[in-house]
Amino acid sequence: MSMYNKKSIDDIEVKGRKVLVRCDFNVPLDGDVITDTKRITEALPTIKNLMDRGARVILCSHMGRPKGVFNMKYSLAPVAKKLSELLGREVPLAKDVIGEDAKALAATLGDGDVMLIENVRFHKEEEKNDPAFAKELASFAEIFVNDAFGTAHRAHASTAGVADYLPAVCGYLIQKEIRIMGGALSNPVRPFVAILGGAKVSDKIGVINNLLEKVDTLIIGGGMAYTFYKAKGYTIGTSICEDDKLDLARDLLEKAKAKGVNFLLPVDNVCSKEFSADSEPMLFPADGLADDVMGMDIGVKTREIFCDAVKNAKTVVWNGPMGVCEFANFAVGTETLAKAIADSDATSIVGGGDSAAAIEKFGLASKITHVSTGGGASLEFLEGLELPGIACLQDK
Ligand code: AMP
């Protein structure tokens, strides 16, 4: 699929040219203090590379949900300040997005200079992917670089629309997502093991469907395992279950069988009487949950089986916790699996949201081949969907 084979900033000439770079500077703020600068530091390799090569760099991003109006609560001023610190030179912030101030500032840029325009979501046209707005934004530059993977599944003016008017390539963050996740999906080194968890089957139907076409082993843990249990006729006590997805769960089990995919569900479960942090953990076998308990984590035997599968894998994709990992008593399954993935020699890919947070929390990020940065975007990528912010880039 061509979505995995896109030009990057390495494939184009940038010297003396104005380059509009879409970043994901949607950082968490406490007042005007950035509480986690990761998204900014991760964007630096692309920005520095363009500056070093003499590009005239115009950065843009969204921040929060200002709902299409100028609201300085969502200004990128804290980002401009942090970027200035990290780059060791002032990064001027325009007072507007496509207005006079941004235009005036862009006109002053010399080779190797950098600036930031205000929050693109100050205009309602951004999320509507309005062509006139996209064209205006594009008129600032001669090249478009998308490096915001977290919004690549959205067709907005600054993530996709501008590519109608400018040659478009990816930055290093999107390049890495494509190379590693795209590589695993299109040409995995086998055995290929996928592990899916989290609360709901309904959120991950597309992912399960797509991965069943590609993996050797599919492991299901977390709350969604109980919908599969019920579909198989097991008792599930008071565990969460999506009763309207039982037929679908049966279809997926059938599909796995037809494809010869090894489909693993927990063989035992850590359960509790209540959904609370201090509820007493109790172990139950797969088909033996008491009526008054709910499954909260994968059991001891299950951890062994799942970790063995990981140990033997050459490619591992993981998305979603194995239990209620917010509660220490029920986080052991998730942590054990996270460690097994970190310790394996496989190409390991951890997709977004809670599992990425778990990897960070346990200090394992450096031992994972790739922790995908976008929650929704990485799920859609794993579903095999075309992401507008990537599809719009030039093919190699
Ligand atoms: P998701 O956003 O779909 O990846 O799901 C993450 C959420 O699933 C976390 O908040 C977990 O607490 C929750 N979760 C995982 N296992 C269970 C379970 N056995 N019962 C209820 N919630 C669960």
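Start by colouring the chain by domain: domain 1 covers 2–172 and domain 2 covers 180–382, with bounds taken from an automatic or database domain assignment. The model is predicted: local features need pLDDT of at least 70, side-chain atom pairs count only at pLDDT 80 or more, and totals for chains, interfaces and linings use all residues. Residues are numbered from 1 along each chain as its sequence is written, and side-chain values use heavy atoms, without hydrogens and water.

Between the C-alpha centres of domain 1 and domain 2 the distance is 36 Å. Putting the two domains together buries about 810 Å², and carbon and sulfur atoms give 68% of that. Buried area here is the accessible area (1.4 Å probe) that the two parts lose on being put together, summed over both.

Now select lysine 38 and glutamate 360. Their side chains meet in a salt bridge, at 3.5 Å from N to O; the rule asks for a side-chain nitrogen of Lys or Arg within 4 Å of a carboxyl oxygen of Asp or Glu. Across the interface of domain 1 and domain 2, the rule finds one salt bridge.

**Backbone stops**

Most residues other than glycine have a negative phi, and most peptide bonds are trans.

Go to lysine 67, in the loop between β4 (56–60) and α2 (77–87). Helices (H or I, at least four residues) and strands (E, at least two) are DSSP runs, numbered from the N terminus. Lysine 67 is not a glycine, yet has a positive phi of about 60°. Its relative accessibility is 73%, so lysine 67 counts as exposed (buried is under 20%, exposed over 50%, partly exposed in between; 1.4 Å probe, protein chains only).

Move to asparagine 129, in the loop between α4 (124–128) and α5 (131–138). Here too phi is positive, near 50°. Asparagine 129 is partly exposed, with a relative accessible area of 24%.

Finish at proline 191, in the loop between α6 (172–186) and β8 (192–196). The peptide bond from arginine 190 to proline 191 is cis, with omega near 5°.
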